[in-house]
Amino acid sequence: MYLDVIITLLKIAIVFGFVLNVAAILSWAERKQSAVMQDRIGANRADVLGFRIFGLFHPIADTIKMLTKEDWVPPAGDAFVHTLAPFLALFTALVVFAVIPFGDTLHIAGRDIPLQIADLNVGILFIVAFGGLGFYSVVLAGWSSENKYSLLGSIRAAAQLISYELALGLSIVGIVMAYGSIELDDIARGQGQYVLGVIPYWGIVAQPLGFILFFTAAMAETKRVPFDLPESESEIIGYFTEYSGMKFGAFWMGEFIEVISVAGVVTALYFGGWQIPFLSNQGVFIPGLFTIPLPHLLVVLLQVSAFGLKVLFFCWFMLLVRWTLPRFRYDQLMAFGWKFMVPLALVNIAVTGLIKYVF
Amino acid sequence: MKIVGHNLTTKESFYFFEIAKGLWITSRHFIYNMYFHIAHLLGKYPEVPAAVTIQYPEEKIPLSRRWRGRHRINARPDGSPRCVACMLCETVCPVQCIHIVAGEHPDPAIEKYPVSFEIDVTRCCWCGMCEEACPVDALYMDTGKNPEPGFSREDLLYRKEQLVKEMPLPGCQRSLNAPGQGPMEANPLGL
Ligand code: SF4
Ligand code: SF4
């Protein structure tokens with residue numbers, strides 16, 4: 001009994017340690033990656049005793065700056081809700097990791113430890129629900145600031161989030177149909193099958209259109225370029241105008257955590273989760289030919305690191321997209337969401353259903 | 001005003017191919033630059049730049065030989081300024097920031113010398129007209145130095161005593177009579 005609690009706490013520690021550290025590093029990676037893409041060098045001036053380690057001290061310097069800045073609440077605003085909103089943003093972004101499986105079941109000392117914090121049987125619904133809850137942090141932040149521009153910004157953000165939530169939910173339906181489960185663990189396991197004996201049956205193979213739709217909608221949910229109208233750091237006034245200090249930092253970190261959680265969900269649903277092609281519990285195998293047995297612990301370790309690497313790859317990819325594309329205009333954003341994404345997601349469901357029916 | 005519109009072609013209106021093209025361009029830059037950044041860390045290909053950045057305080061771009069920096073006054077072999085207080089620079093200066101008080105020089109061949117010579121760099125617009133006006137090879141702006149910030153206006157008033165001690169930046173020297181340096185082979189203006 002106690003052991004179960006300890007194991008769960010250990011899993012939480014591992015996952016949160018990974019997520020929070022990667023989030024801090026992402027704030028560094030965003031600067032460095034954009035710099036490398038644009039033939040620049042990027043932030044490298046923060047040094048400790050003359051060591052710069054490629055600017056990796058910048059996230060620490062940022063945190064110190066945010067923590068020591070004045071935390072200002074608008075006098076006319078609602079102090080409680082104003083404080084609540086950034087925590088909600090962090091919470092909703094973090095809690096998604098509770099259901100993402102990051103490895104196959106680990107058999108150790110006669111125990112079966114599923115490498116997933118909470119093995120919910122409605123995993124996908126949980127993700128969609130908490131993704132939708134993130135919208136409250138935006139609305140509450142704008143509303144409690146007692147600033148009409150913040151309020152307008154939050155309404156703009158709310159409209160965007162709700163529109164893309166729809167496309168997001170509809171594009172997941174395709175995956176649910178393809179693997180016949182809404183349990184993330186089952187979906188990850190289902191992606192260990194092979195089409196024609198050689199092609200791994202990953203979500204992207206089963207649902208190529210669904211993947212593109214889901215990824216686009218998920219990027220819109222993270223409120224980053226090309227869908228960054230809710231915040232628009234440089235020109236339009238967004239919902240966190242009245243935030244300062246670490247509360248602003250919480251929104252900022254929340255954004256990076258959302259990037260990681262989107263990367264995690266995309267990996268779990270469309271990129272095989274922890275699966276490595278041609279590596280099963282028995283070891284490396286070429287279908288129909290031979291099998292090289294590997295110890296169980298090594299297999300699990302490889303799978304967990306494969307999951308981590310896939311997540312990091314998608315974080316990289318989302319930064320790449322963020323620094324490549326210009327922003328949508330608001331009418332384009334709405335038209336794209338409603339007239340393009342939602343119909344396509346419906347078509348995707350219909351086609352998936354047809355294929356399932358025929359085969 | 002003419003509004004130039006561009007209707008998207010069918011292929012463009014799908015966004016997907018255009019996005020893929022854009023991503024290809026940026027990731028190509030990323031991979032190319034990353035390759036050379038890593039190569040530099042390993043000490044390979046140091047001559048291929050991985051970024052266009054110049055890390056300013058440590059690295060500087062070479063100055064043009066015609067670059068106008070802080071002023072200096074050429075000295076005679078005895079160390080006194082070559083200036084003969086002709087007032088040409090004071091007259092030509094568009095912002096009137098040179099102030100000269102002329103005095104009689106004991107040597108009748110020289111006639112005049114500046115009793116005081118001040119350049120108020122808070123007003124100087126670095127146009128270089130004083131340098132061009134000087135008839136006796138005295139005033140130059142080839143020190144290659146930027147004006148330094150100061151805590152008071154006094155700090156930014158460059159006087160004769162200070163100006164005469166300044167040296168030309170090697171390679172940017174424009175006078176044939178610069179202190180301590182021989183005449184240059186190249187055309188002093190770098191033309
Ligand atoms: S550089 Fe131009 S503004 Fe400055 S002192 Fe000479 S003439 Fe005057
Ligand atoms: S133009 Fe030359 S010689 Fe005449 S006052 Fe100015 S520095 Fe002296």
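Which side chains meet in a salt bridge at 2.5 Å, N to O? I looked it up: A:Asp228 and A:Arg327 do. For the record, I count a salt bridge when a side-chain nitrogen of Lys or Arg lies within 4 Å of a carboxyl oxygen of Asp or Glu. This pair links distant parts of the chain, 99 residues apart. A:Asp228 sits in the loop between α8 and α9 of chain A, and A:Arg327 in the loop between α10 (296–322) and α11 (330–358). A:Asp228 is buried at 5% relative accessible area, while A:Arg327 is partly exposed at 27%. My cut-offs are under 20% relative accessible area for buried, over 50% for exposed and partly exposed in between (1.4 Å probe, protein chains only).

Ground rules before I go on. This is a predicted model, where local features need pLDDT of at least 70 and side-chain atom pairs count only at pLDDT 80 or more, while totals for chains, interfaces and linings use all residues. Residues are numbered from 1 along each chain as its sequence is written, chains are lettered from A and ligands numbered from 1 in the order written, and side-chain values use heavy atoms, with hydrogens and water left out.

Confidence next. Chain A averages a pLDDT (the predictor's confidence in each residue, from 0 to 100) of 88, and 99% of its residues score at least 70. In chain A, strand β6 (283–286) is lowest at a mean of 77, and helix α8 (208–221) is highest at 92. Helices (H or I, at least four residues) and strands (E, at least two) are DSSP runs, numbered from the N terminus.

A:Arg189 and A:Asp185 make one at 3.5 Å, N to O. They are 4 residues apart in helix α6 (184–190) of chain A, so about one helical turn separates them. A:Arg189 is partly exposed at 36%, whereas A:Asp185 is buried at 7%. In chain B, B:Arg159 meets B:Glu154 at 3.3 Å, N to O, and B:Arg159 is partly exposed at 30%. I also noted a network in which bridges with shared partners join A:Glu30, A:Arg224, A:Glu255 and A:Arg322.

Then helix α9 (245–270) of chain A. Its 26 residues reach 37 Å from first C-alpha to last, close to the 38 Å expected (1.5 Å times one less than the number of residues). Of those 26 residues, 23 are buried, so α9(A) is largely enclosed by the rest of the structure. A:Gly272 follows α9(A), with a positive phi near 75 degrees.
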